[in-house]
Amino acid sequence: MYTPKMHQALNEQIHHELESAYIYLSMAAYFESENFPGFAQWMKMQFEEEMEHAFRFFDFIHSRGGQVKLLAIAEPPDKYESPLAAFKKALAHEQKITNDIHNLYSLATDEKDYPSLSFLQWFIDEQVEEEENVGGVVEDIKRVQDSEHGLLMLDRELAQRQPGPEKEEA
Ligand code: OFO
């Protein structure tokens, strides 16, 4: 069993992951309404990934003898100024999640909670990938700027995103 403090922090991370899922699903709805089905598909895949992250924490808490308590999720924005504005928000959100994960890792270090440290390592690596992926799209959109043709091509490219293979467990 781990400490109540660690339990609370891990439980809050489920909330952050579900909140991320909610934000990305809302972005998918925004892109659908703006006729960008490829951007919408990319965000739907992102939603799926966040749900998977939430379940990792859910299962880990129960495997340590705790019980998950679900917290209220705020209504996400449903409008953005442009595709670039939406993806910039997504990048800022991932950077915040990276910070959350690092704080969790620091807490586990302070508490000498070795199982949590081992569990969290996957998320540390995942966040590097998450920021790289979203940051890559931000850069691509900046490159095409307001060109309708460029955005259409990018939308088609992002439509190809499929669920990623599970990364190997450490
Ligand atoms: Fe997008 O990140 Fe979860 O953890």
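Visitor: What volume does the second largest pocket have?
Guide: About 150 Å³. This is a predicted model, where local features need pLDDT of at least 70 and side-chain atom pairs count only at pLDDT 80 or more, while totals for chains, interfaces and linings use all residues. A pocket is an open set of points on a 1 Å grid over the protein atoms alone, where a 1.4 Å probe fits, with protein on both sides within 12 Å along at least five of seven lines.

Visitor: Which residues line that pocket?
Guide: Among them are Lys5, Glu12, His16, Asp100 and Leu107; a lining residue has an atom within 4 Å of a point. Residues are numbered from 1 along each chain as its sequence is written.

Visitor: Which helix gives the largest share?
Guide: α1, with six residues. Both α1 and α3 supply at least two. Helices are DSSP runs (H or I, at least four residues), numbered from the N terminus.

Visitor: How far apart are the ends of α3?
Guide: The end C-alpha atoms of α3 (residues 83-110) are 41 Å apart, which agrees with the 40 Å that its 28 residues should span. The expected span is 1.5 Å times one less than the number of residues.

Visitor: What comes just after α3?
Guide: Lysine 112, with a positive phi of about 50°, in the loop between α3 and α4 (114-144).

Visitor: Is lysine 112 buried or exposed?
Guide: Exposed, because its relative accessible area is 58% and the cut-off for exposed is over 50% (1.4 Å probe, protein chains only).

Visitor: And what about asparagine 35?
Guide: Asparagine 35 has a positive phi of about 65° although it is not a glycine. It lies in the loop between α1 (4-33) and α2 (37-63), and counts as exposed at 64% relative accessibility.

Technical notes. Side-chain values use heavy atoms; hydrogens and water are left out. Buried means under 20% relative accessible area, exposed over 50%, partly exposed in between (1.4 Å probe, protein chains only). Grid points are joined across faces, edges and corners, and a volume is the space filled by probe spheres set on the points.
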